[in-house]
Amino acid sequence: MKEGETLVTAGGFARFYTPLAATSLLLTATNPILAAALARSADPVIALAGYSVAFAVCGVLYAPLLVVQQVAAARLLAEASFSPVKRFAYLTGGLMSLIGALIAYTSVGDVVFAGAVGVGPEVLAEAVRAMQFLWPVPFLTAVRAAHQGRLVAGHRTMPIALATGSRTGILAVVAFALLATGGGAWLGAAAFTGGLIVETLIVLWSPTPDIQLERQDCEADRENVAAFSAPLMLNVLLWWATPLIINAVLARTANPDLALAAFGVVEAFAWFIAAPVGQLQHASIALVECSETHRRVRTWGAAVAFAMVAILLILALPAIREPLLRYVFALDSDLVALAGAALPIAAAYPFLYGLRQYYQGLFVRSGRTGVVGAGAVLRVGSIVAAAFFVADAGVTGAVLGVGLAVFGLTIEGLFLERFSRKDVMPELRARRAAAINLEAFEGVTEGG
């Protein structure tokens, strides 16, 4: 086999993936940490609802920049130059941060939060103030994602975990230190942005000595970075738009403030547990070379996903979830009831999310980013259609929000898996057959 096409061992997968899984855990730990801090604010329901809405809008703005990590890794693995990706990321990030500043400091914020999302005056005021701290996030995300992709291509995943751990530590210290002011949605936003600044600087300064960043006369460099990235940007944009869409649905239910607050807590907690499967996209991009490595990496990824499902199911038991929500998140009885009812449904997140991430990575590695964008459109369309269908069914609160999210993920996962059989698997099987024939011809015996 050629170098880079050796079969992945369990130990090799663990060494590559463990820092990435730790990164996801540390990254998503920010949500429950901030939820726990905001729940101790002077007015916790309004603070939680305001931050949830503001962060959802901010997520829509910085979502397109998250794909830069995949694009940078895929291009460097294809021996293309890094500078076009970096330039594209920085310009796009700057534009999105400018839009965020308009929402934070002009009447655009009223249009977005009150008009589009439909929140009341109190939540509107909290959300606008939070955006005054969140608007730099898109540009910081662009810088971080570009250099994370560089590190993934170099198989240097440990600096990514170190940076994210530093971010989470700074965020927690800032969030709880600011509680002395009385708190509010702005507290969560200030802590989030401060932690992201630290993470971005660490990733930016981490070297990749084994990766050639700039190449001359490379065919891959002639590809249009924007055209390759556009479906991926649509995919991530719709991913981050999903909580905003669900929030808009919940804001129009009988008791919107409680529903928004409970859904925000469940999302923060459930996605923290599901986090280790989020990096399966990078595993399939960097490690899957043929049908055999596909089988191995998919099997190990499934083991990680089902382990997280089991943990969530255990934590969703009434005897465990009620004290957890009451004492860790400081929720009152009404919020405990609403959030607790949705946790068993959210146990499906790790499997469905892992399925989505793994197959998206296969399509990115093969250059078929259009399928990724199409899957995202299908997921969001399914959620919107389902929301109209259940509007009169009496389902409310966090159960409604989590149920819509699970339904959309199921539709998207089935779509990606089905299309992979047609578009990706024949290519992977051909690579495996060619590698076996090459071994036979050269008399090479490879260890598994």
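Close-up 1. Leu-102 is found in helix α4, where helices (H or I, at least four residues) are DSSP runs numbered from the N terminus. This is a predicted model, in which local features need pLDDT of at least 70, side-chain atom pairs count only at pLDDT 80 or more, and totals for chains, interfaces and linings use all residues. Residues are numbered from 1 along each chain as its sequence is written, and side-chain values use heavy atoms, with hydrogens and water left out. Leu-102 counts as partly exposed because its relative accessibility is 40%; buried means under 20% relative accessible area, exposed over 50%, and partly exposed in between (1.4 Å probe, protein chains only). Together with Leu-95, Leu-98, Ile-99 and Val-108, Leu-102 makes a nonpolar surface patch of about 400 Å². Such a patch consists of residues with over 30% relative accessible area and no salt bridge, nonpolar side chains (Val, Leu, Ile, Met, Phe, Trp, Tyr) being joined within 5 Å. Helix α4 (residues 83-105) contributes the largest share of the patch, four residues.

**Close-up 2. The salt bridge between Glu-199 and Arg-144.** The side chains of Glu-199 and Arg-144 form a salt bridge at 3.2 Å, N to O; the term denotes a side-chain nitrogen of Lys or Arg within 4 Å of a carboxyl oxygen of Asp or Glu. Glu-199 belongs to helix α9 (residues 185-205) and Arg-144 to helix α7 (residues 137-153), so the pair ties together parts that are 55 residues apart in sequence. Glu-199 is buried at 1% relative accessibility, and Arg-144 is buried at 8%. A network of salt bridges links Arg-144, Arg-167 and Glu-199.

**Close-up 3. The salt bridge between Arg-296 and Glu-292 within helix α13.** Arg-296 and Glu-292 are joined through their side chains by a salt bridge of 2.8 Å, N to O. Both residues lie in helix α13 (residues 291-315), four residues apart, about one turn of the helix. Arg-296 has a relative accessible area of 14% and is therefore buried; Glu-292, at 15%, is buried.

**Close-up 4. The salt bridge between Glu-412 and Arg-356.** A salt bridge of 3.1 Å, N to O, connects the side chains of Glu-412 and Arg-356. This pair links distant parts of the chain, 56 residues apart: Glu-412 in helix α18 (residues 397-423) and Arg-356 in helix α16 (residues 349-365). Glu-412 and Arg-356 are buried. The structure holds nine salt bridges.

**Close-up 5. The cysteines Cys-58 and Cys-290.** Cys-58 is buried, with a relative accessible area of 1%, and Cys-290 is buried at 3%. Zero disulfides (pairs of cysteine sulfur atoms within 2.5 Å) are found in a search of the whole structure.

Conventions. Patches are made of residues with over 30% relative accessible area and no salt bridge: like charges are joined within 9 Å, nonpolar side chains (Val, Leu, Ile, Met, Phe, Trp, Tyr) within 5 Å. Accessible areas come from the Shrake-Rupley method with a 1.4 Å probe; for residues, only the protein chains shown count as cover. Helices (H or I, at least four residues) and strands (E, at least two) are DSSP runs, numbered from the N terminus.
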